[in-house]
Amino acid sequence: MQSEVQALEAELLALIEKAADLGELEAVRVRALGRRGRVTELAKGVGRLPPEARPEAGRAVNALKGRIEEALLRRRAELAAKEQERRLAQETIDITLPPKERPSGRIHPVSQVIEEITAIFADMGFEVAEGPDVEDDEHNFAALNIPPEHPSRQMQETFFLCAEDEAGTPYLLRTHTSPVQIRTMEAGRPPFRIIAPGRVYRRDYDMTHTPMFHQIEGLLVDRRTHMGHLKGCLVDFIRAFFERDDIPVRFRPSYFPFTEPSAEMDVGCERRQGQLVVGGGKDWLEILGCGMVHPKVLAGVGLDPEVWQGFAFGLGIDRLAMLKYGIADLRTFFEGDLRWLTHYGFSPLDVPTLFGGLSR
Ligand code: DAH
């Protein structure tokens, strides 16, 4: 019995050592300790021995079983560790690889155009400023040289709120981004060079008007600023924005209470099969309002107009988006239709930059 136990132990331990993975080890376990296993069979044999030989043989077989179980456990731990190491090595993630699929979210054309315009003006040294959507009469009108009863208040159909300020004047939804000019000049010291994108509100609704839309305001204040600076800046802007160097541009005299002189900028365009195409052609399309900041506006925020001059401009973001990307109806911008956004939207990974391309 003794020599049988020894031979079997040597054989089984060799098999355990040889098992290359957890599956093979399990097969060895069944072969040794299973219901028909070699050790199990040996234990059965003990019952067939003469009674005086059984205790010793029984102890020997039990001890063998214990040692085999122990060897199995040790080998199992070894193989499990090896298996984990193999998986860790195999499952590393290379984060420098490009993503497999295009992300499904899309950037709205309004957000895209804000990014594009911001990239252009940031390159010229402008900073982004912000103001509140809910404004007071002072910032939206009075400080911009639009006194009460002034006819230019009717240029813009205003949404008034029920809440009033201390003077009993109702708060309102800003009708343009121009109040950010005032807030910027009140809060800091010149020189100023800011653009202010944001939502504005007017009572209007048709193919080219929605009650909420977007503008970008621009303001530059410095010593000896003149109309030439305004023109150069805006001509460079519009050509960068439409990504064409040959866009015809003209400035037409106009009127805004907060600028003197005031102008509107037109770009040359062409109507092709009902579609407006910017550049070339014989038609002109108004694109923005601008002018030299009115001396009264400067004086109102405590700046001496003899020392400081500035230019300002305001443009409609949605309209520029419609023009650049051929979208016919402004109202569709705000309907939240996923099919529309999938079609007209932009990839979140294509961030507009001047060096990498604005829209490509
Ligand atoms: N605030 C004007 C509007 O909404 C646009 C505008 C015109 C802004 C001339 C300006 C400017 O800063 O100088 O119609």
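Reader: How do the residues of the lining of the largest pocket divide into nonpolar, polar and charged?

Author: The lining of the largest pocket holds 15 nonpolar, 14 polar and 9 charged residues, where Ala, Val, Leu, Ile, Met, Phe, Trp, Tyr, Cys and Pro count as nonpolar, Asp, Glu, Lys and Arg as charged, and the others, Gly among them, as polar. This is a predicted model, in which local features need pLDDT of at least 70 and side-chain atom pairs count only at pLDDT 80 or more, while totals for chains, interfaces and linings use all residues. Residues are numbered from 1 along each chain as its sequence is written, and side-chain values use heavy atoms, with hydrogens and water left out.

Reader: How much space lies in the largest pocket, and which residues are closest to its centre?

Author: On a 1 Å grid over the protein atoms alone, a pocket is an open set of points where a 1.4 Å probe fits, with protein on both sides within 12 Å along at least five of seven lines, and lining residues have an atom within 4 Å of a point. Grid points are joined across faces, edges and corners, and a volume is the space filled by probe spheres set on the points. Here the largest pocket has about 810 Å³ of space, and of its 38 lining residues the closest to the centre are Arg202, Phe213, Gln215, Glu286 and Gly314.

Reader: Which strand gives the most to the lining of the largest pocket?

Author: Strands (E, at least two residues) are DSSP runs, as are helices (H or I, at least four), numbered from the N terminus. Strand 10 gives the most, with 6 residues.
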